[in-house]
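Open the model in your viewer and keep the selection panel at hand. This tour goes stop by stop.

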There are 2 protein chains.
Amino acid sequence: MPAGLRVMSFIPKFEDIEAALRLIRPYVHRTPVLTSRQLDAISGAKLFFKCENFQKTGAFKFRGATNAVQNLTEGQCAAGVVTHSSGNHAAALAHAAAMRGVKAYIVMPSSAPGVKKRAVAGYGAEITFCEPTLAAREAAAAEVIEQTGATMVHPYDNFYIIAGQGTAAMELADEIADPDAVIAPVGGGGLLSGTAIAIRHMAPHAKIYGAEPLLADDAARSLRTGVIQPALPPRTIADGLLTSLCERTFTVIRENVDDILTVTEEQITEAMTLMWTRLKIVVEPSSAVPLAAVLANRELFSGKRSAIIVSGGNADLSKLPFGQRE
Amino acid sequence: MPAGLRVMSFIPKFEDIEAALRLIRPYVHRTPVLTSRQLDAISGAKLFFKCENFQKTGAFKFRGATNAVQNLTEGQCAAGVVTHSSGNHAAALAHAAAMRGVKAYIVMPSSAPGVKKRAVAGYGAEITFCEPTLAAREAAAAEVIEQTGATMVHPYDNFYIIAGQGTAAMELADEIADPDAVIAPVGGGGLLSGTAIAIRHMAPHAKIYGAEPLLADDAARSLRTGVIQPALPPRTIADGLLTSLCERTFTVIRENVDDILTVTEEQITEAMTLMWTRLKIVVEPSSAVPLAAVLANRELFSGKRSAIIVSGGNADLSKLPFGQRE
C-alpha cells in the first residue's frame, strides 16, 4: 500500500466508507435485513432490522476491525496489532488479524467471562490479562506496544474503525430505499458515527438517532451539554454501551445525529424479549436498545420506515434477563 | 374446488407435495437455509439448516395447516375447522384459518402456558379449555364437531398436513443440490413423513434420518419392533416430540427413513446452546434434536452434506435450560 494513503483526515468521509466496503467485502458477511409484521403492529412503525448479530464473530465490530487490519502497511503487519477490550472488539480484532496472518495482542481484564477468553484465544490471539481498570488496561497495552511495536487499534477512536462500522448502514441504505429514520446504539460512538456519515450521504432526509441506556446516558448528556461526559459505573444490562464518546465520534454525532434517545432497563429487556420471540434471533442486550427507543418514542416513528442496526448477538446464555412471565 | 379432488389416497405422493407448495406459496415464507463454518468444524459435517423457526407462527406447522385449510371445500369453510393441541399446530391452524376467513376452534388443556393461549386467541380462534388428558381433549373436540360441523384437522394424521410439511424439504432440496443426508425431528411423524417423501424423490441417494429424544423414543422403538409404540410420559425438554406415530406416518417412515437416531437431554441442550450461540437463532428444544443426533453420530455424517430441518422457534424464554457455564 502506498505510504500516501496513510495520511488521513481526522473524520472519515462517505468516500472512506465506500472504500472500506470495497476493501472488506471479501471478508465480511452482507447481513440480512429482517422485517416482522408483528413488530410493525406493536410499534406502529415499519421496521427494518440490519442483522449484524449474523456478522462474523457475532457483531458489527468485525467490519471496523477488518478495515483497520486490511489498511495496515506491510511493516505494521509484521509487528502485529493490539487492543484492550473484553468485548466484541477483542474477538473481532483477533479474527480479522488472523485472516491476514497478523499477530493480535489482546489485553483483557482477568475478570472477563471465560467464554470471551476462549473466543479470543480460539482466533489465535495472544492474551495479556490485567486488573479490571482502565488504567491497568492502558498500561498493559502500552507495555505490549513497547515490547512488540504492535499497532494500537482502538475500538472506536480510530478512523478506519469508524469507516468500517459505517459499511453496515451503507448496505442497509442500499437495500431499503429512502428510510425515514435510522437508529443505532451508542457506546463509544464508533457505530453511530459511521452510521451517521453513511446515512447523511445516502438518505439525506432521514432522521438519525442514537439509542442509549438511561443508566449509561453519557452520550445523551454530552450532546445536551456540548461537552463529552465520562462513562458511568457499569450498571446497565447493555454492557456493550458503557464507554464514553471521544472527540472524533462526538464531532460526527454532534453534526449529524438528530437526537440520542434513552431507555430504561425494563424497556431494554422488553425489547430484547420481542426480538427473541418475534424475530427468532439471538441478540445481546445492547442490540435491543434501539427497538426499545422506538417503542418508547412512538410519536417519532409512527408510520415511518425506521431502520435499526442490530449490533450483535453475543448474549451470555447463563445470564439472561427473562424471568417467569405468566 | 371440484369434488373429485377430495378423493385422496392414504399417503401423499411427491406430486401432492408439489401441489401443496403451489397452493400455499402465497401464504408461507420461503425460509432461509443457514450455514456455519464453526458448526461445520465442530461437527465434521457440512451442515445446512432449513430455518422453519422463521416460518409464520414460528414453526413448520404453518405449512401443513395452510395446506389443509386451503384444501377445504366452500361448505367446509363455512363450518370451520377444529383441532386439539397446546402446541405449534394450534397457533398454525388458527392463523391459517384466519387467513381464509375460516372459523377455528381450538381445544387446549387449561394447563397450557398463557403465552400459547394468548397466541391462539390473538389469531381470532375460539378456544375450548379441557382437562390435560388425551381423552378429555378428544371428547371436547368431538363435542365441537357435533355442535358446529367443523372439520377436524389432526396435527399429523392427515393427508394434507403431511403434504404441506413436506414443502419445507422440497424448498431445501431445491436450494442445496444433492444432500447426502437429511435429518428431521420426529414426534407424530408428520414432518418426517413429508420430508421423506420429498427427499426420496428429489435426492434419491440421500440418507433420511429421524431424530428423537431418548426419553420419547417411541418412534425408534416402533421402527425396530415393526409395531407403533405408544407415547411416553412427558419427561423430555423437547416438548414438541411427545406424540406417537400413526399408521399413516409409520407407513411412510418404515418405507423411506433409514434410521431414527436418539439423543439424551444433555445432548439436546448442548445442541440448542450451539444453535443459539453460533447460528444466533432462537430455536425451541425440539429443533435442536437433529443437530444433537449429528453430533452424537459423527461416523454417519463426517464430511457429508447434511441438511437439518429446524422445526420451530417458539421457545419459552421463562424456562430455558441454560445454567451458569463457567
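Select domain 1 of chain A, then domain 2 of chain A: their centres, taken over C-alpha atoms, are 23 Å apart. Domain 1 covers 3–60 + 158–317, and domain 2 covers 62–152. Those bounds come from an automatic or database domain assignment. This is a predicted model, where local features need pLDDT of at least 70, side-chain atom pairs count only at pLDDT 80 or more, and totals for chains, interfaces and linings use all residues. Residues are numbered from 1 along each chain as its sequence is written, while chains are lettered from A and ligands numbered from 1 in the order in which they are written.

**Stop 1: between the domains of chain A**

Colour the contact. Domain 1 of chain A puts in 25 residues and domain 2 of chain A puts in 17 residues. Two residues are in contact here if their C-beta atoms, placed from the backbone, lie within 7 Å. On the domain 1 side, the elements giving two or more residues are α1 (14–24) and α8 (159–175) of chain A. Helices (H or I, at least four residues) and strands (E, at least two) are DSSP runs, numbered from the N terminus. α8(A) gives the most to this side, with 7 residues. By class, the domain 1 side has 11 nonpolar, 11 polar and 3 charged residues. Ala, Val, Leu, Ile, Met, Phe, Trp, Tyr, Cys and Pro count as nonpolar, Asp, Glu, Lys and Arg as charged, and the others, Gly among them, as polar.

**Stop 2: α1 and α8 of chain A**

The axes of α1(A) and α8(A) come within 8 Å and cross at roughly 85°. That makes α1(A) roughly perpendicular to α8(A). Axes are lines fitted to C-alpha atoms, for helices over the stretch in contact, and angles run from 0 to 180 degrees between N-to-C directions. Angles under 35 degrees count as roughly parallel, over 145 as roughly antiparallel, 65 to 115 as roughly perpendicular and the rest as oblique. Pick A:Asp16, A:Ile17, A:Ala20, A:Leu21 and A:Ile24 in α1(A). Facing them in the contact are A:Ala163, A:Gly164, A:Gly166, A:Thr167 and A:Met170 of α8(A). These contact residues divide into 6 nonpolar, 3 polar and 1 charged.

**Stop 3: α3 and α8 of chain B**

Select α3(B), residues 61–70, and α8(B), residues 159–175. Their axes come within 7 Å and cross at roughly 135°. That makes α3(B) oblique to α8(B). The crossing is right-handed. A crossing is left-handed if the near helix is turned anticlockwise from the far one by less than a right angle, and right-handed if clockwise. Among the α3(B) residues in the contact are B:Arg63 and B:Asn67; α8(B) residues there include B:Tyr160 and B:Gln165. The whole contact has 6 nonpolar, 6 polar and 1 charged.

**Stop 4: α9 and α11 of chain B**

Go on to α9(B), residues 190–202, and α11(B), residues 247–256. They pack at about 40°, with their axes 9 Å apart. So α9(B) is oblique to α11(B). This crossing is left-handed. Residues to show include B:Leu192 and B:Arg200 from α9(B), and B:Val252 and B:Asn256 from α11(B).

**Stop 5: where the chains meet**

Show both chains. Their contact takes 20 residues from chain B and 20 residues from chain A. Helix α12 (residues 265–279) of chain B gives the largest share of the chain B side, 3 residues. That side divides into 8 nonpolar, 9 polar and 3 charged. How are the two copies related? A rotation of 180° with 0.0 Å of shift along its axis superposes chain B on chain A (RMSD 0.0 Å). The copies are thus related as by a two-fold rotation axis. Superposition is by least squares on the C-alpha atoms of residues with pLDDT of at least 70 in both. Finish at B:Ile281, whose C-alpha is the nearest to the axis in chain B, 2.2 Å from it.
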